[in-house]
Amino acid sequence: MRRAAFLVLTLVVLGILGFFQNAKAQVELKEVVVTATRVPLPEEEIGSSVTVITEEEIKNKGYSTVKDVLKGELGLDVVSTGGPGTQTSVFLRGLEGYHTLVLIDGFEMGDPSLPQVSYDFSNLTVDNIQRIEIVRGPQSVLYGSEAIGGVINIITKKGEGKPSIYFGLEGGSYDTFRQFLGTSGEIGKGAFSLSLSHTKTHGFSAAYKGKEEDGWENLSFSGRFDFEPTSKLSTGMIVRLNNGKTDLDYYWPFNDVKNYYVEKEEFFFKPYLKIRLFDNKWEQEVSFGVSNHKRKYHYPSSVEDHYLGRFYKASWQNNFYLSKSNLLSCGVEYKTEKAQTPEMEKSAYLFSIFLQDLINIKDISFTTIGLRWDHHKEFGNHLTFRGTESILIQKTNTRIKGSLGTGFRAPSLYELYAPPFWGRPVGNRDLKPEKSFGWDLGFEQSFLNGKINFGLTYFDNRLKNLIQYEFGKGYVNIAKAKSRGIESFIGVTPYKDLSLNLNYTYCHTEDEEGKRLRRRPLNKLSSSLNYSFLNQQGSLSLSLTWVDERRDYDWSSYRDVKLDDYFLVDLNSTFKLTKNLELFARIENLLDEKYQEAYGYSTPRFSIYGGVKLSF
């Protein structure tokens, strides 16, 4: 902790000194957010707590996977059970990983064949990603089930400008080698953006005390095509494919296992159509999508287990621009999900109607009110609501924001239909949906033309009817949980080539026995310093992350254990030798910290990577 505090304090002092050395005014562009309201709005008009990770920020971090980009973000914890390609969960505001809905271009990506529907970030790369939007707090009004804790929306890059092409190579520690290429641009009234990458690494033992290398190989493709024949009509489609193979070790007992690996395939496809009528006062979007998840586990005994999870979803959204101060949105959705496992093959459907009203009073008060009705095949009807408020005090550059809402999670197909195990029940068709009630209140303050920004938000979430497995009873609604805490940040931009950001999250979680939820730290501190030099020909990015101790479980002795706190330092740099040639290098875990994100599983030690990128 002392190391983290010392380094962060040093960076803050350097940033403040740099500010007084350069007094040039800087105009800050308004960030536009789509996920929080399903319509594009400036962030200052949104009452929900939102974080936007831009394409430039993703590049500054230098990582090749989304899970690494997310680490250090406000109110968010990322946990992997081993090295590259292993199961990765995201905890938002201390809630379970399956309480966070993950979207790609607005389409949900959870795997219905898992015991609880959730998304595994293990094979998702940063290729062709324009931005990542994180909305914290219950979002079931707009997105239905699984959005109890919030939403993470990964938005694909849209082609712009003259067609261009790039390709590159990267290599480094653990015998890692990566190749990538892509192209994007506009041709007439159409736009395209394509990317392809391949990564292979020998990795390290997934077991904390193991020695055998557990490798990972990944192939990722992403494509987006947009066509706008007239100002009233636009259409397009988005496709993404991730294909990975990961060597594994058993979670119990924790040791090396040869010839044990999993093959995962994710496929996502979404065509859409937008129509604008009556001088753009009525905007419609019709979309249909499918996400397909395949997993094949290969065991040392030559036995194989196959899993298939699939979503189909149709959506029709209408936006009515009633006046300059009022935007009414409504829509209907129909979703089917299918799960095929060695034990069962089941499906279910969910029909939904949502309504949202956005009210702008003299560009000072921005209010959002929403309702949603869902009808599920098994548990019937469910109603959720949400309200947000954002108040701007322009004379002092102050914003006060807050939100309040309910959320729910429908029982998964496994929780509903899993067959008995050794004669004892597992699935339960009488399950009720998990419910949540959450609220937050905070403020953001800006000084000196946006050179200094800071904010603080208090949040509180309560959950009931949580579904847990009880031996001899199967899955039942018995559990409760709660999380509350503080999210705060400060950003200093003394001049356009230097920026410093500091995030702090305090998150107190409790289960029904009063114990902290597993793998959630009480305190988390992260900081980043970004510097461009030689007229932005080169860049340097330093990331610091400190994570407090956490509670976990040792399955070999059936007891709670404590995971020690850890401190990570990462460094990334890029340099353009010419207009078309760029070099980059990255050091991860600079201090060679030995730590665990999950008990019994390894994490990467000091490692270094470098490569070259050509653009035309």
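Visitor: Two strands count as paired if DSSP finds at least two bridges between them. In this structure, over how many bridges do β8 and strand β9 pair?

Guide: This is a predicted model, and in it β8 and strand β9 (residues 150-156) pair over seven bridges, in the antiparallel sense. One example is Ile129, whose bridge partner in β9 is Thr156.

Visitor: Which other strand is joined to β8?

Guide: Strand β3 (residues 49-54) is joined to β8 by six bridges, and the two run antiparallel. There, Thr51 stands opposite Ile134 of β8.

Visitor: And why is β8 called largely enclosed?

Guide: Strand β8 covers residues 129-136, and seven of its eight residues are buried, so the rest of the structure largely encloses it.

Visitor: Okay, what does the side chain of Arg136 meet in a salt bridge?

Guide: The side chain of Arg136 meets that of Glu487 in a salt bridge, at 3.2 Å from N to O. Because Arg136 lies in strand β8 and Glu487 in strand β25 (residues 474-495), this pair ties together parts that are 351 residues apart in sequence.

Visitor: Are those two buried or exposed?

Guide: Arg136 counts as buried at 3% relative accessibility, and Glu487 counts as buried too, at 1%.

Visitor: How many salt bridges does the structure hold?

Guide: The structure holds 41 salt bridges. One of them joins the side chains of Glu444 and Arg399, at 3.3 Å from N to O; since Glu444 lies in strand β23 (residues 434-447) and Arg399 in strand β22 (residues 398-409), it ties together parts 45 residues apart in sequence. Another is formed by Arg586 with Glu588, whose closest N and O atoms are 2.8 Å apart, and both of these residues are buried.

Visitor: Which residues are linked in a network?

Guide: A network of salt bridges links Arg38, Glu108, Lys313, Glu333, Lys335, Arg372 and Asp374.

Visitor: New topic: where is Leu563, and what does it touch?

Guide: Leu563 is found in strand β30, residues 559-563, and it is buried, with a relative accessible area of 2%. Leaving aside residues up to four places away in sequence, Leu563 touches Glu549, Arg550, Asp552, Gln596, Glu597, Ala598 and Tyr599.

Visitor: Last one: what pLDDT does the chain average, and where does it stay under 50?

Guide: The protein chain averages a pLDDT of 91, and 94% of the residues score at least 70. Over residues 1-29, however, pLDDT stays under 50. Where pLDDT is low, predicted coordinates should not be read in detail.

Methods
Residues are numbered from 1 along each chain as its sequence is written. This is a predicted model: local features need pLDDT of at least 70, side-chain atom pairs count only at pLDDT 80 or more; totals for chains, interfaces and linings use all residues. Side-chain values use heavy atoms; hydrogens and water are left out. Helices (H or I, at least four residues) and strands (E, at least two) are DSSP runs, numbered from the N terminus. Buried means under 20% relative accessible area, exposed over 50%, partly exposed in between (1.4 Å probe, protein chains only). Contact means heavy atoms within 4.5 Å. pLDDT is the predictor's confidence in each residue, from 0 to 100. A salt bridge is a side-chain nitrogen of Lys or Arg within 4 Å of a carboxyl oxygen of Asp or Glu.
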